[in-house]
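This briefing is intended for a reader who has the sequence and the coordinates at hand. Please consult the structure below alongside the points that follow it.

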Amino acid sequence: MMLHMPHPSTPPYEHLLSSVQERASLDGYHLAIYGREGDNRITGSEAWQACRAEGYSSLCSAVCLSSLKTSIDQASETGRPALFRCPLGLLGFVVELQHQNGQHHYLVATGVREKSLDLYRIEAISKAEGMNPFALLEHLQELPVVTEQEVSSAAQRVQALAVLPAEGTERTPGDADLRDRLKLALHVSEELDSCASPQEVFDLLSEAIGIMLDAPGISAVIPSDNGSTFTLQELWGESAPTSVKADLLYRFSPPGSTPPVPLQEDVLRKLLPSSQVHTATYLPLSTGGTTFGAMIVQGGEVAGDDLLLMGIMIGRAALRLAMLQREEEFTRKTSRSERLLGMISTLALSDGEAFHDIVLQTAAELVEASSGSFMLFAEDREVLRIKSALGLNPQLLKVMDVKPGSGIAGKVALNGTPLVVNDIEKDPRVASPNRPRFKTKSFMSLPFLHRGQVLGVLNLADKKNEGIFVEEDLALLTPFTNHVASMLRRNDYQEKVEMLERLSITDPLTDLYNRRFLERRMDEEINRSMRNQQHMTVMLIDIDYFKTYNDICGHVAGDKALRKIARVLRGSVREMDVVTRYGGEEFCVLLPGTSKRESIFVAERIRRDVEAELFQGEEHLPFGRLTASIGIASFPHDGNNPTTLVNAADIALYEAKSGGRNRIVMLNGTKQEENKEAPRISLMKK
């Protein structure tokens, strides 16, 4: 296929090139016109100089002609400008021209470049063609710098201007009207760039088209968030918005297509049932292979100059819609990231059921799901159990344990691979009828993975807009689930540490604190009492005749009795008091901030409650029941360290046991006397 540029002095090219160069603001572009011969060959000269510099003709022929030929074919097929980029990084476009006699020609504009240049590619091409790469780079750097959007806008302007009259004819008075409408189209195109929302784009575009064409009605075809439906909104005329399935529109205008489509009456009745017109033109707003909507101009087919002018505004509107979509996506991602960081901070402050609920709610919010569940393996890893649910029956969830490999969540738990399903009934990985409790057929199931081990599964379904889950949702949630898995493992480790710590300070039989904890806590309470100049009392409690009770009733009954006494002790003191099992049938109680006299009331309550409690077989004891003897010592009068205080309380306890049991004795630093109002309470001298 040969390229040939007709001599520029040949009418009408000389007039056309100068007119386009001046009126389309193409300063810096290099323009040329090429023709297609009757045998479908592209004819032209042998010297194609896109770079517009002496000495580079052969290079341009070697590296640029292939891109140019492809763009000419594209412009011929679509009837719209075709953009191209040569391997050196130069940008350009092709616009198809047409004589009245049907002969096709193409206006080619190039000689501009993108801001960045591929130095490695330039060096490789230069070496392959035997040229100096530094000289070529220096020349390329002198070319005008543009963006792809600017090239597209220039191409739209050229297409509106490049309408060739027949050779030898003069322009008609109608050319003045065309120039006025072109000015309006260019002005509207500039205004479109400042629109802050898609609705503003559609409103401005419909108003401009309505004024230029005096159409009886203009409708905007606006896609929904999920892309499955479009809203037809009448912006020029009077009609209520209607909803149209995407597949109906794609039957006559596939996604990403740009050529206008004439609509006949049968199609119009489906799209606009209330419209009274018989024909219309469908103008897709597409760029980069993506359709962002369309305009339906009612009242006849848009053609000729009108179609070219529409193309200018439609192309600019599509570019603006694409830019707004990218801005919205960036804002959404930024917002999601900020929300995610805040949610992770909230997670760090929660635990237990609250943690499970927040994880599920956070994940659902991130991908706009309205139902789901949070599942974790049981300790034996035999089943998955639901820890939190959203939008599901809570009673049903109590019996929904899942074994690994069973069902969708079970399979994800078994293989550790996330699952994103658009349609549960059609996806070969599941191919299962949709459950009635779910509104849509799309869902996600992700494992909580930590170092290759699956800890649980996150299930999400029913997008709020009834759309489908996509890989983008998976990419958003994967870092989140990984972080949650780390927190789950850390929480599990922390729980085990806390359990071991608790076991180390707890008596396994009574679940009271043990002697080890008592020693540590007494040090802390003595130091606190010294700083605050407060009293602290220690009570040693011994169960009377407990060895006899064990011999008579057995150790099992004895263990039950000790557990019951532990409950009595906890119920007889304040929350701030410390109850411990000191050893065997002995217990110790710390009463911070309590004097010896004040502690008598606590001790008497304990003695009375133990005496009143019923124990199996206690009738065989000497008193006919289990009772307690209590010895009391206080800081600072009876001692200023744990050892002296416990010894003092032990002395008082010994006196209580010697004095007949089932009584309270408190150590007095000066004298020993009997409390006559409470015979079982006595004071003894050290």
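The points below are grouped by topic, from the whole chain to individual residues.

The model is predicted. Its protein chain contains 20 helices and 22 strands. Of the 686 residues, 48% count as buried.

**Whole chain**

- Among contacts with a separation of 6 or more, 60% are between residues 24 or more positions apart.
- The whole structure holds 21 salt bridges.

- Helix H17 spans residues 546–553, and its buried residues are Phe546, Tyr549 and Asn550. These residues lie on the same side of H17 because they cover an arc of only 100 degrees around the axis.
- In general, an α-helix has 3.6 residues a turn, so residues three or four places apart point the same way.
- Lys547 and Asp551, on the other side of H17, are exposed.
- Strand E17 (536–543) and helix H18 (555–572) are the elements against which the buried residues of H17 pack.

- Thr580 belongs to strand E18, which runs over residues 578–583. Its relative accessible area is 0%, so Thr580 counts as buried, the limit being under 20%.
- Beyond its neighbours within four places in sequence, Thr580 contacts Leu512, Tyr513, Asn514, Leu518, Phe587 and Cys588.
- Arg581 and Asp507 form a salt bridge through their side chains, with an N to O distance of 3.3 Å. This pair connects distant parts of the chain, 74 residues apart: Arg581 is in strand E18, whereas Asp507 is in the loop between H15 and helix H16 (515–532).
- Both Arg581 and Asp507 are buried.

**Further salt bridges**

- Arg574 and Asp577 form a salt bridge in which the closest N and O atoms are 2.7 Å apart. Arg574 is partly exposed, at a relative accessible area of 38%, while Asp577 is buried, at 8% relative accessibility.
- A salt bridge also joins Arg607 and Glu611, with the closest N and O atoms 3.2 Å apart. Because these residues are 4 residues apart in helix H19 (residues 596–612), about one helical turn separates Arg607 from Glu611.
- Arg607 and Glu611 are both buried. Through salt bridges that share partners, Glu604, Arg607, Arg608, Glu611 and Arg625 are joined into one network.

**Nonpolar surface patch**

- Met499, Leu500 and Leu503 make a nonpolar surface patch of about 320 Å².
- Within this group, Leu500 lies in helix H15, which covers residues 471–505. Leu500 is exposed, having a relative accessible area of 54%.

**Backbone geometry**

- Most residues other than glycine have a negative phi, and most peptide bonds are trans. The following residues may be read against that background.
- Asp462, a residue other than glycine, has a positive phi near 60 degrees. This residue is located in strand E16 (residues 453–463). With a relative accessible area of 3%, Asp462 is buried.
- Gln533 likewise has a positive phi, near 55 degrees, and is a residue other than glycine. The location of Gln533 is the loop between H16 and E17. With a relative accessible area of 76%, Gln533 is exposed.
- The peptide bond between Phe635 and Pro636 is cis, with omega at about 10 degrees. Pro636 is part of the loop between strand E20 (628–635) and helix H20 (642–658).

Notes: Residues are numbered from 1 along each chain as its sequence is written. This is a predicted model: local features need pLDDT of at least 70, side-chain atom pairs count only at pLDDT 80 or more; totals for chains, interfaces and linings use all residues. Side-chain values use heavy atoms; hydrogens and water are left out. Buried means under 20% relative accessible area, exposed over 50%, partly exposed in between (1.4 Å probe, protein chains only). Helices (H or I, at least four residues) and strands (E, at least two) are DSSP runs, numbered from the N terminus. The arc is that of the directions from the helix axis to the C-beta atoms. Contact means heavy atoms within 4.5 Å. Patches are made of residues with over 30% relative accessible area and no salt bridge: like charges are joined within 9 Å, nonpolar side chains (Val, Leu, Ile, Met, Phe, Trp, Tyr) within 5 Å. Accessible areas come from the Shrake-Rupley method with a 1.4 Å probe; for residues, only the protein chains shown count as cover. A salt bridge is a side-chain nitrogen of Lys or Arg within 4 Å of a carboxyl oxygen of Asp or Glu.
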